[in-house]
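Q: Let's go through this model. Confidence comes up before anything else.

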Amino acid sequence: MEEQIVDKYKVYLKLEKSLSSNSSDAYMEDLSKLIDFSRSEGIPLDKITLKDLHQFVVQLRDIGIHPRSQARIISGIKSFYKFLMLEEYISEDPTELLESPKIGLKLPDVLTLDEIDAILGSIDLSSAEGRRNHAMLETLYSCGLRVSELVTLKISDIYFDEGFIKVEGKGSKQRLVPIAGSALKEIRNYMIDRNEIEVQKGYGDVLFQTKRGKGLSRITVFHVIKTQAEAAGIRKKVSPHTFRHSFATHLLENGANLRVIQQMLGHEKITTTEIYTHIGKDHLRKTILAFHPRYNKGKTKNIE
């Protein structure tokens with residue numbers, strides 16, 4: 001079972017994180033250190049606790065591993081447990097409170113508004129697939145969604161007249177998120193094509209569909225974004241999460257309050273949102289309408 005999980009993680013690193021062979025090998029080498037530790041302690045990888053990880057880090061320090069190398073190893077382990085969470089092998093992430101040695105903060109990559117527009121502008125709107133992808137990426141950026149939230153978005157969770165979508169995030173927690181008029185317009189256009197698809201049983205309410213009438217996978221979204229970023233001539237490593245980082249950063253740069261951004265992103269802790277700095281429903285909506293650059297390009301019905 002452990003070997004199967006590790007093999008799936010290798011595929012995840014290559015396809016979803018788009019790592020080079022060398023980078024992927026480095027991640028696997030770091031993971032191998034944790035695997036050796038888990039075997040020596042007789043603890044399966046999916047049963048390791050934060051306390052166990054602290055002991056693992058102590059061992060790294062005791063054998064003279066440089067703090068920068070410790071940080072890299074911890075980063076790789078966090079990536080592995082994020083994968084286990086995504087694939088639902090575990091329900092709680094033991095690395096959530098695991099701290100790395102202080103060696104300086106690396107901010108996430110973000111796209112400029114021009115780069116966002118370039119990616120969207122590179123999509124071929126003459127095809128049904130292109131219209132779907134355009135609506136999908138507009139929604140991703142407009143709402144700052146996680147890729148898992150995007151692919152599970154339901155038609156019944158879109159409130160066209162009110163200009164909101166209902167999102168089910170981590171831990172099945174729901175939140176209301178304002179959606180830009182430009183995104184709603186693209187969704188309406190896409191729905192014309194979607195209505196021609198023979199939707200498979202169990203997928204009737206899922207918004208974004210494959211040609212065969214099933215919901216999209218996360219890997220498909222990664223592939224679409226990578227393809228369109230290359231078509232737009234963007235050399236940054238772009239993923240669905242880059243759109244989410246860009247969404248939050250653009251709001252912050254235009255003056256939005258951190259608490260509002262926290263609500264939009266579905267972060268439980270404000271400290272998670274504060275990386276971008278180096279309420280009521282009406283207030284939330286008005287703030288997003290004021291500060292998100294996308295809202296100047298299209299107006300939803302009943303916008304105040």
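Q: Which elements of the chain have the lowest and the highest mean pLDDT?
A: Helix H12 (residues 270-273) has the lowest, 57, and helix H6 (residues 128-143) the highest, 96. pLDDT is the predictor's confidence in each residue, from 0 to 100. Helices are DSSP runs of H or I, at least four residues, and strands are runs of E, at least two, numbered from the N terminus. This is a predicted model: local features need pLDDT of at least 70, side-chain atom pairs count only at pLDDT 80 or more, and totals for chains, interfaces and linings use all residues. Residues are numbered from 1 along each chain as its sequence is written, and side-chain values use heavy atoms, with hydrogens and water left out.

Q: At what angle do H2 and H4 pack?
A: H2 (residues 21-41) and H4 (residues 67-86) pack at about 85 degrees, axes 9 Å apart. Axes are lines fitted to C-alpha atoms, for helices over the stretch in contact, and angles run from 0 to 180 degrees between N-to-C directions. So H2 is roughly perpendicular (65 to 115 degrees) to H4.

Q: Which residues meet there?
A: Tyr27, Asp30, Leu31, Lys33 and Leu34 in H2 meet residues of H4 including Arg72, Ile73 and Phe80.

Methods: Parallel < 35°, antiparallel > 145°, perpendicular 65-115°, else oblique. Contact = heavy atoms within 4.5 Å.
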